[in-house]
Amino acid sequence: MAKEIIDGQTMTRALTRITYEIIERNKGIDDLVLVGIKTRGVFVAHRIESRLKQLENISIPVAELDITPYRDDVAVNEKDAQDYKAEPLDFDISNKHVILTDDVLYTGRTIRAAMDALMSSGRPKKISLAVLVDRGHRELPIRADFVGKNIPTSQKEKIRVFMKEIDGEDKVEIE
Amino acid sequence: MKRYLILEDGTVFPGEGFGSSVITTGQLVISNNRTGIEQSVTDPDAEGQIIAFTIPGVGSSGINRDFYESINYQCKGVVIGSASSESVDGSISFEDWITTLKIPGIKNVDIRALSKYIYEHGEVKASIMDTHDEHAIDQIKALVLPTDLVKQVSTKQSYPNPNIGLKMVIVDLGLKYSILRQLSYRDCNSVIVNYNSTPEEIASLHPEGIIFSNGPGDPKDLPKTIENIKVLQKQFPIMGIGLGSLLVAMANDCQIIKLPNPHHESSLAVKEVASGKIDFVNHNHSYTIDQKSIGSSDFIVTNICVADGSIEGIRHEFLPIISVLFEPEAAPGPTDGYYVFDEFIDLINSTKNQDWSI
């Protein structure tokens with residue numbers, strides 16, 4: 001049975017808080033770019049971007065990152081079959097502070113893959129990580145800088161993030 | 001008994017007296033609260049105020065002792081159109097209650113004309129008297145309202161509100177008990193101190209966060225507290241509520257202005273700038289932060305009032321300071337603002353292991 005653990009309002013608040021923390025820790029938002037990991041990480045990035053725009057009146061660039069070719073948990077032959085090439089980012093991230101965004105932080109493998117992809121398209125000044133949910137069980141030494149909500153889980157459980165842009169509503173479920 | 005509400009410019013509103021029969025003088029404020037009348041009357045913000053309730057049948061929702069906001073009621077008088085003789089919960093009627101509290105009241109006043117007058121002319125001094133001759137009007141004109149309202153309501157001695165969570169110090173500028181209720185609900189281990197406590201005294205309590213509470217009067221009358229904030233904000237996370245938020249703003253070189261239409265309403269819409277979310281919250285303030293001065297400060301505007309666009313919430317760009325002019329603890333009014341307390345606790349936790357101090 002799926003149980004709702006974060007409702008729309010809490011998600012809104014979490015994203016707003018992440019935005020405030022980004023401003024506070026960077027003492028402003030110069031040189032900032034947001035890179036969202038497909039699919040829901042992109043929506044997280046756009047929501048943070050729109051909040052920053054409302055608060056600071058500055059638009060910062062948002063890019064989408066497709067990390068499929070960099071994943072190490074997808075079988076090699078499968079990768080070959082697709083013959084995937086990562087799409088280049090649509091702007092230069094050299095000497096920028098990149099904030100990588102995703103919906104759920106779990107093993108850390110996605111993030112490692114995302115960092116590989118980023119590094120191959122430039123040399124950012126700094127990479128930070130913002131996630132909506134941190135559910136624990138890391139398999140790599142990776143930690144989020146901005147966390148919407150820490151949700152301790154067992155590995156058997158499933159976390160599912162719903163976002164308005166694609167799922168019609170904002171919520172997080174556990175089952 | 002015939003009594004008169006006299007404004008400082010000589011305008012007279014006749015009515016009928018109830019409650020205490022003493023002659024009283026204070027700042028007249030218009031309140032559009034529909035429920036939670038007992039919260040408005042017992043609110044320390046009402047120190048020195050005569051409150052005019054605009055709703056008909058005041059008190060029909062009942063008077064509940066659980067909702068008192070202070071022990072010593074400071075309200076100088078109440079003005080109403082009509083009171084309800086019964087309440088839905090069968091508790092004491094409004095008139096009997098005001099009589100028990102020994103607060104002077106006046107009823108059968110043309111409350112619509114009065115509130116319209118105040119919205120056009122701004123807040124004025126007023127008096128509830130038995131006569132309305134020249135002499136009475138001269139008296140009210142000559143009267144100077146006290147400026148030490150906070151001194152009257154702030155606790156003289158520190159007292160604890162023990163719990164097991166975060167250590168908070170609340171600087172009492174006219175603290176409403178509902179702020180403590182909200183902190184208790186979040187397990188905060190609080191100590192409430194006098195408004196003039198020195199930064200050293202406060203630091204010796206090792207707080208993890210400091211709250212500057214709501215309160216009555218003009219923030220310009222509290223220069224010492226402003227100086228204290230300048231010192232404390234370099235060491236501790238700070239939250240300002242109501243009067244406290246104005247002091248926090250002034251400590252960071254923001255200008256304070258009087259609102260053309262003061263906010264005394266239990267349900268006024270406020271927009272969260274970042275997300276566009278609308279909250280209905282309780283307001284009780286006559287001042288706001290000047291928009292012009294915010295640009296040159298290190299604050300970002302987090303909340304604005306939908307009705308008149310005035311600033312309702314600010315947040316420091318790099319110090320852990322949040323401030324709201326409305327009353328997140330509600331009491332009276334809708335509870336949409338409770339999240340501000342969670343916000344402050346999140347802020348404390350997220351800055352705990354970081355070196356942000358300057």
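**Reading the interface**

Modeller: The size of an interface is often given as the accessible area lost when the parts come together. Here chain B and chain A bury about 1,700 Å² between them, 55% of it from carbon and sulfur atoms; buried area is the accessible area (1.4 Å probe) lost by two parts on being put together, summed over both. Of the area that chain B buries against chain A, B:Ala274, B:Ile300 and B:Glu317 supply 28%, more than any other three residues. This is a predicted model, in which local features need pLDDT of at least 70 and side-chain atom pairs pLDDT 80 or more, whereas totals for chains, interfaces and linings use all residues. Residues are numbered from 1 along each chain as written, chains are lettered from A and ligands numbered from 1 in written order, and side-chain values use heavy atoms, without hydrogens and water.

Colleague: How many salt bridges are there between chain B and chain A?

Modeller: A salt bridge is a side-chain nitrogen of Lys or Arg within 4 Å of a carboxyl oxygen of Asp or Glu. The count between chain B and chain A is four. One of these joins A:Arg17 to B:Asp346, with the closest N and O atoms 3.2 Å apart.

Colleague: Which element gives the largest share of the side of chain B that touches chain A?

Modeller: Helices (H or I, at least four residues) and strands (E, at least two) are DSSP runs, numbered from the N terminus. The largest share, six residues, comes from α11(B).
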